[in-house]
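Please read the numbered points alongside the sequence and the model.

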Amino acid sequence: MTTLSQVSSNCDKWITPQIVVFAVLLLSLPFWIEAVGLYQYLGIEIAIWIIFALGFNLLFGYAGLHSFGHGAYLGIGAYAFGYFQHNVGVSLFGGLAAAMVAATLAGALVALFLSHRRGIYYALMTIAFGQVFWFAAIKLHWLTGGEDGMLNIPRPALDLGITQWQLDDNRALYFLVASLTILVTILSWRTVNAPFGRILQAIRQNETRAAFIGYDVWWFKLAAFTISAMLAGLAGGLFAMAQESAYPDTMSLHQSGLIVMMVLVGGGLVNFWGPVLGVVLYYLARDFLGSITETWLLWYGLMFVTMVMFKPEGLAGLLSDLKFGSGKAPAPSPSSQPLAKEA
Amino acid sequence: MALFEAINIHKRFGSRVVLEDISLSFEEGKISGIMGPNGAGKTTCFHCLTGHHRPTRGSILFDGQDITGASPQKIARLGASRSFQLMNLFDDSSVVENIILALPEFRQSYARLNRKVFTHPEFLQKAGLILQQVGLQGLEWQPSQSLSYGNRRALEIGVALAANPRIVFLDEPTSGLGAEATRQLAELIKNLRKKYTIVMIEHDMNFLFELADQISVIHWGQVIAQGAPKELQSNKWVQRSALGEVA
C-alpha cells in the first residue's frame, strides 16, 4: 500500500513534472472550461478550495491530526477580509494579509489548547472550538453581521504599483486565485518534503519515538495547526472576495465535514495530490450530478461510503493501483548514489 | 566520575510504589547492565532516567547537570538516547529515513524549506555510516516495517545511535531474538562500547554477564545487588532473583 511517507525521486525538488502539468491545466482552464459545458466561476471555487484542502491535508494527512472544525478558519479569513475592506481600506493585499493573520492567530490560540492531546480528544476539541467560532459569528452581530453575514464586500483591484488589474470580472479574479493556488501548491510540496514536513510525518507515525530523538512534538503539532489555519484563512479571504460576502455557514460543521470528505475521497492520506483530486471530484459531482438530480449529495455520500469501504486510499490510491498494479507501490528511488562507506 | 547518576529515585503510581530509593551510577565508556525478574521495575526505572516518567522524588544527574523531570526531548538533545522493549520505529518510512530523522543536523534544519533530505550528502553519509555500524547496509530504502524482526531490533539501536548520544539506554535488546541474532547483537554491542557509554536492561543473564562491566540487580523496586559480573554470578540472591524465586 502506498503511504504519504513514500519517497519519490522528486522529493527534493521545488518544481516537479506534476506541478507543471497542474499549473498548465489551471492557467489554461478559463480558455476551455466553457467549451466543456462548465462556467468560469466554478474554476474560482475549485482553486480556492484546493488552497484550503492542501493546507488542511498538511494537518490531516501529513501530521495525522484530525481536525473536524477547520471551516472556522476559512470563515475567520472571510470575515477578516471583509472587515478590512469595510473598516480599514479597500486593498487586496491588505485584506488577504488580514485574513491570513486573523486565521493564524485563531489557529495558534486553539492549537495551544489542542497540541497536548491526540486521537479522539484532539478531534473532539477541534469540533468544540469550531462550534465556538461559528456561534460567535452568529451572535457578534456588530462585527460579523450576524446570520445575515457581511455583505457587499468589494473586490479590490490588484495594484502592482505601475499598473492596476481590475478583478470585477470572474475570469480576471480566476487568474489571481489560480496563481496563488500554484504558489501554495509549490510551497506545500516543499513543506511536506523538507525537514519540517518529514518530521510531521514522523510524529504521525510515532509520537513517542519522535520525542525520544529530540523533537518537541507539542511545538510541531502547534505549528502544523497554525500553518493549516493560515492557509484556510487565505482561502477564506479569496472566498469572501469571490462571493462578495462572508456568512456564518462558511464556518459550520457542514463545511468542516466537507473538507474532510474531499480530502478522504481524493486520497489525501496516501498522496500529495489527493486533496486536489478530492476538490475537483466534489465540484464536478455537484455540477454534473446536481444537473441530473436534486439529491446529488446522497449519491456523492454513497460514493464516499463505497470508497471508504473498498478503497480507503481514495481516488489517488485508485489511480496509483492503475499505474503500478494493485497492492504495489512505486519502488523507492530517491537517490541513485550509494550511501557513504566508512573511510 | 559517573556520566549519569540516579540518586534515591522513588516512583509511585497512586498508592503503588514501583521504585524505592534506587541509586544507580553509570561510568563513561562502560557497559552497565540492569537485571531483575518481570515486574521488578526495570523499565519504569528506564522511563524515569530518560524523561518518560517524572520521579516522585530523588534526582537524576547527566554529566553533572540536574535533569530530574526534564522532558524526553530535552534529555535526548543533551545526548542520552534509548531503544524500547516494544519496537518503536517510523514504520511507513524507509530505513534510511528512520536514521536521518534522528540526526541532530537534520533536527536543527527543521525550519529550512530548501533543505534537501534524501539527496543531501551529509545526511546520506552519516546515515550510511550508522547503517553500516548496525549491519543494515543494502536495506536503506526498504520500508522499516518490511524488515525482519532482528533487523528491526538493529534499526532501533541505529536510531538511538544516530542521535549522536554520549549514553545509550537499551531496553531488553535481545527480546524476541533467536540464538544467532542474539550472538550478532552481542558482537554489535561489543563494537559500540568503544564509542558509547551503554546501559542495558536485560533478561538474558548470560548475555549481560558476557558484555557488562557493571551490573545492578533490581527486585521489587529496589537495588538488591551491584557489582562486576563475576561478583554477582556467585551471589545467591542474584541467582534466585533472576530466576524469579525471591518471594
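1. The contact between the chains draws on 31 residues from chain A and 41 residues from chain B, where two residues are in contact if their C-beta atoms, placed from the backbone, lie within 7 Å. On the side of chain A that touches chain B, two or more residues come from each of α7 (170-193), α8 and α9 (207-212) of chain A. Helices here are DSSP runs (H or I, at least four residues), numbered from the N terminus. The most is given by α8(A), with six residues. By class, this side of chain A has 15 nonpolar, nine polar and seven charged residues; Ala, Val, Leu, Ile, Met, Phe, Trp, Tyr, Cys and Pro count as nonpolar, Asp, Glu, Lys and Arg as charged, and the others, Gly among them, as polar.

2. The model is predicted: local features need pLDDT of at least 70 and side-chain atom pairs pLDDT 80 or more, whereas totals for chains, interfaces and linings use all residues. Residues are numbered from 1 along each chain as its sequence is written, while chains are lettered from A and ligands numbered from 1 in the order in which they are written.

3. How do α8 and α10 of chain A pack? Helix α8 (residues 195-205) of chain A meets helix α10 (residues 217-243) of chain A at an angle of about 115°, and their axes are 10 Å apart. Axes are lines fitted to C-alpha atoms, for helices over the stretch in contact, and angles run from 0 to 180 degrees between N-to-C directions. The two helices are therefore roughly perpendicular, a term for angles of 65 to 115 degrees; under 35 is roughly parallel, over 145 roughly antiparallel and the rest oblique. From α8(A) the contact takes A:I199, A:L200 and A:I203, and from α10(A) it takes A:V217, A:F220, A:K221 and A:A224. Six of these residues are nonpolar, none is polar and one is charged.

4. A:L222 also belongs to helix α10 of chain A. A:L222 counts as buried because it has 20 C-beta neighbours inside 10 Å; a residue is buried at 20 or more other C-beta atoms within 10 Å of its own, exposed at 12 or fewer, and partly exposed in between, with C-beta atoms placed from the backbone. Leaving aside residues up to four places away in sequence, A:L222 touches A:A108, A:A111, A:L112 and A:S115.

5. Is A:L297, in contrast, buried or partly exposed? A:L297 is found in helix α13 (residues 296-310) of chain A, and is partly exposed, with 15 other C-beta atoms within 10 Å.

6. Helix α3 (residues 71-87) of chain A has 17 residues and spans 24 Å between its first and last C-alpha, close to the 24 Å expected at 1.5 Å a residue. The expected span is 1.5 Å times one less than the number of residues. Since 15 of its 17 residues are buried, α3(A) is largely enclosed by the rest of the structure.

7. In chain B, helix α5 (residues 121-133) and helix α6 (residues 149-162) pack at an angle of about 135°, with axes 9 Å apart. They are therefore oblique to each other. The contact involves B:I130, B:L131 and B:Q133 of α5(B) with B:G158, B:L161 and B:A162 of α6(B). These divide into four nonpolar, two polar and no charged residues.
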